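Let's walk through a protein chain together, starting with the big picture and then zooming in on one strand. Take a look at the structure below before reading on.

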Amino acid sequence: MKIAEWKALVSEQGCYEAISRMLEKIAKSMLNGYITVCRTEALKLAEEFDKGHLKGKIAGVPVAVKDNITTKGIRTTCASKMLENYVPVFDAHVVERLKAEGAIIIGKTNMDEFGMGTTTETSYFGVVRNPYDLKRVAGGSSGGSAAVLADNEAVLALGSDTGGSIRCPASFCGVYGLKPTYGLVSRYGLIPYANSLEQIGPMANSIEDLATLLEVIAGKDERDSTNSGKGFEFREEKIVKIGLIKNMTAEEKVMSKVYEVLNKFDYQELELPSLRYALASYYVIATSEASSNLARYDGVRYGHHLQQLSSWSDYCSKVRADGFGEEVKRRIMLGSYALSAGYYGKYYLRALKARTLIIEEFKKVFSRFDVLVSPTMPNLPFKIGEIKDPLTMYKMDVNTVPVNLAGLPAMSMPVGFVKGLPVGLQIIGNYFEENKILSFAKMVKEIS
Amino acid sequence: MVSIEDVYHVSRLARLFITEEEAEKFRKDFEEILSYFGILDEVPENVKPTFHVLELSNVFREDKAREGLEQREALMNAPRKEESYFVGPKVVE
């Protein structure tokens, strides 16, 4: 459902009725998209809307918020046992912005634990199922946000993207998702996994809605020292030079869908040789930052704890062993290894150098192109439990991670189905050129 | 290439207690993954590392005192507290 359709529904039935019906749908859902449903709060706000007290750009619109974004007074778990009962005492900056525009936060969505994963299979609260095939994954880590949008269990959603975590589930669930330029949206209140790579971003069922939500959440915030201070306003722009990144590939049937779309335009093919380092560079940097960002979970000030207090090191080690899932432990250990004495130069420093090469290469290419495109994911959504090997799973991110390394904006838009499963097209833009990405997406939508 | 001692060493650095079974599983995972990371050896030495994508540095705010969390709020999620303190395990062993 789109914002315009929701508003029409609300003028017919009233907000309270519309929200009640949505809550009923959520209660019956097979997708497991929500960890927490804000039933009481949502109905109260719906009443306020019907009385004329809720104002703003997205007043009365139900928004799903990924569960790694803090919401004051509402449990925020990061889909982990470690934060199972953590109730934040502050709202994330983006949540403040949503509330200022009258949004109704309808629930906190399921995700991979601490954002570490491509399928939501690492969630402590169970996997999110794909709305098009319940035996398949919804993608990750913002799988819950994508699934609830596809199933009319929300009209707008917030996700976060560290290595593809908005774009992958958007692709697998047939919805729109955008990772903004690094620094466009404040990370204050985003519980960190890899802070030099991640951004909160909008997810929606149309390009217009995506743009509206981005306008709401983007902007200056002094509490995030990596925030650029820039805002966002949607403006249609002319797109002429389109480049297909040849070395971002996918399985044959997915590629034919991509070509089906692209052949309606004038485009050029190009190769980015530095991309061969991207996956390794990403996983070294992300796991290194994760090992630092997750060091705060010690069972003392908040989060999971154990009954017996022993020595600090012992207690801490046992709380963490008990509170974290396997994938989180794996990444913390890999990151600690990559940063440890003797290995820092071999892994971490080299990964940062590879990052420079990738950034330089994109900069050169963007002097010749307006937007770059590729398939979002190398495969169609796979079956739950199908991929067991960590490295095979990591390789699913191969088309999405270069964007995070460079800090560029990128979106995934649905471009059709193969074997009944959604296919996504990734559109990458230059720094702060979200308008070009959205404009090209509109061009694609118009011809399909 | 990755020894079981390496794995235990890293688990101590990361303050993560692991079982023998987990240690062996992680050892195998790390060997595979770190071997894949070996592609980074091909990155030329003379390239400058990128620490920040936006090249912002020294982002400061004015040195003026501001409202912070109330003590009650700060202690709200603590599993163990006493008066205005967090209660934790013994630091000195």
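Predicted model: local features only at pLDDT ≥ 70, side-chain atom pairs only at ≥ 80, totals over all residues.

Residues are numbered from 1 along each chain as its sequence is written, chains are lettered from A and ligands numbered from 1 in the order in which they are written, and side-chain values use heavy atoms, leaving out hydrogens and water.

Chain A has 15 helices and 13 strands; these are DSSP runs numbered from the N terminus, with helices (H or I) of at least four residues and strands (E) of at least two. A compact globule of 448 residues would have a radius of gyration near 22 Å, and the 21 Å of chain A agrees with that (it's taken over C-alpha atoms, and the rule is 2.2 Å times the number of residues to the power 0.38). In chain A, 65% of the 448 residues are buried, meaning under 20% relative accessible area with a 1.4 Å probe, counting protein chains only.

Now zoom in on strand 8 of chain A, residues 199–204, where six of six residues are buried. In a regular strand, side chains alternate between the two faces of the sheet. Here Gln199(A), Gly201(A) and Met203(A) point one way, while Ile200(A), Pro202(A) and Ala204(A) point the other.

What about neighbours? Strands count as paired if DSSP finds at least two bridges between them. Strand 6 of chain A (residues 156–161) runs antiparallel to strand 8, joined by six bridges, and Asp161(A) sits opposite Gln199(A). Strand 7 of chain A (residues 176–179) is also antiparallel to strand 8, with two bridges; there, Tyr176(A) partners Ala204(A).

Notes. Buried < 20%, exposed > 50% of the residue type's maximum accessible area, 1.4 Å probe, protein only.
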